[in-house]
Amino acid sequence: MRVALCQITIGDDPKENLERAREALASAADADLAILPEAALVRFGGDLASTAEPLDGPWVTGLAEAAREHGTAVIAGVFEPASPGRVYNTAVALDASGELVGSYRKIHLFDAFHDRESEFVDPGDAPVVVELCGTRIGLITCYDVRFPELARALVDAGAEMFAVIAAWAQGPFKEEHWVTMVRARAIENTTWVAAVGKAPDRNAPPRGRPGGVGRSMLVDPMGVVQADLGPSPSVRLTEIDLSVTDQVRKVLPSLSHRRPDLLG
């Protein structure tokens with residue numbers, strides 16, 4: 001499966017962000033699947049409730065048109081309306097015909113490092129695995145990657161790979177945490193991980209600190225980084241060979257060595 005890691009910048013104008021997303025898909029026209037960052041609709045820091053759209057709104061519809069035009073499945077992060085004045089931080093999965101095949105509302109909200117995502121975002125309540133390009137993909141959003149039990153639940157639900165989307169906050173040791181945990185989720189689950197973060201902000205948003213560290217990565221089931229995009233905006237075509245998963249699990253059958261009788 002050819003997977004495009006679309007490490008784009010995200011600004012405060014949804015129309016401009018949609019155009020960047022469409023440009024990324026155009027440059028990744030040979031991909032089976034293109035993965036865009038968390039909050040691709042609009043970056044954190046503004047009035048998300050006034051910008052949020054239902055999943056049949058113009059932003060996701062525009063992204064679906066681009067998916068259909070290029071014959072490329074897409075995973076991307078948006079905000080959809082929730083309770084009054086609040087939003088869901090949602091990952092959408094579109095197939096190559098532009099059909100919405102699934103969505104995941106971020107479970108773990110980023111109330112850490114002096115940020116409070118829960119002040120304006122309602123949490124989701126269920127892990128989600130979607131099927132795209134004949135592959136079962138577990139959806140993980142940003143802060144979720146710090147919770148190995150979510151990744152394990154996705155594997156137990158049949159995920160053959162993880163798609164991690166992020167707008168990873170900048171700060172001391174944050175980039176090191178990102179790289180380490182993306183690799184850890186691959187190693188402990190002997191599973192491919194395609195992780196896409198947004199490119200770093202050029203300046204601070206209206207409220208809050210600059211976000212995004214880049215470092216989008218493709219990691220194989222042994223934890224080997226097959227691609228690392230660094231900090232600059234970039235779209236890179238990578239390849240996932242699921243037969244590698246079977247090979248790794250023959251020599252490293254850690255999933256079959258679990259002890260649910262003792263550990264739950």
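Helix axes are lines fitted to C-alpha atoms over the stretch in contact, and the angles between N-to-C directions run from 0 to 180 degrees. Helices (H or I, at least four residues) and strands (E, at least two) are DSSP runs, numbered from the N terminus. The model is predicted, with local features requiring pLDDT of at least 70 and side-chain atom pairs pLDDT 80 or more, while totals for chains, interfaces and linings use all residues. Residues are numbered from 1 along each chain as its sequence is written, and side-chain values use heavy atoms, with hydrogens and water left out.

Two packed helices are described by the angle between their axes and the distance between the axes. Helix 1 (residues 14-27) packs against helix 3 (residues 58-70) at about 15°, and their axes lie 10 Å apart. The two helices are therefore roughly parallel, a term for angles under 35 degrees. Helix 1 contributes P14, N17, L18, A21, R22, L25 and A26 to the contact, and helix 3 contributes P58, W59, G62, L63, E65, A66, A67, E69 and H70; contact here means heavy atoms within 4.5 Å. By class, this contact has 10 nonpolar, 3 polar and 3 charged residues. Ala, Val, Leu, Ile, Met, Phe, Trp, Tyr, Cys and Pro count as nonpolar, Asp, Glu, Lys and Arg as charged, and the others, Gly among them, as polar.

The loop between strand 5 (100-105) and strand 6 (121-122) holds F113. Although F113 is not a glycine, its phi is positive, at about 50°. F113 counts as partly exposed because its relative accessibility is 39%, where buried means under 20% relative accessible area, exposed over 50%, and partly exposed in between (1.4 Å probe, protein chains only). H114 lies in the loop between strand 5 and strand 6, and its phi is near 70°, a positive value in a residue other than glycine. At 84% relative accessibility, H114 counts as exposed.

Note on methods:
Angles under 35 degrees count as roughly parallel, over 145 as roughly antiparallel, 65 to 115 as roughly perpendicular and the rest as oblique.
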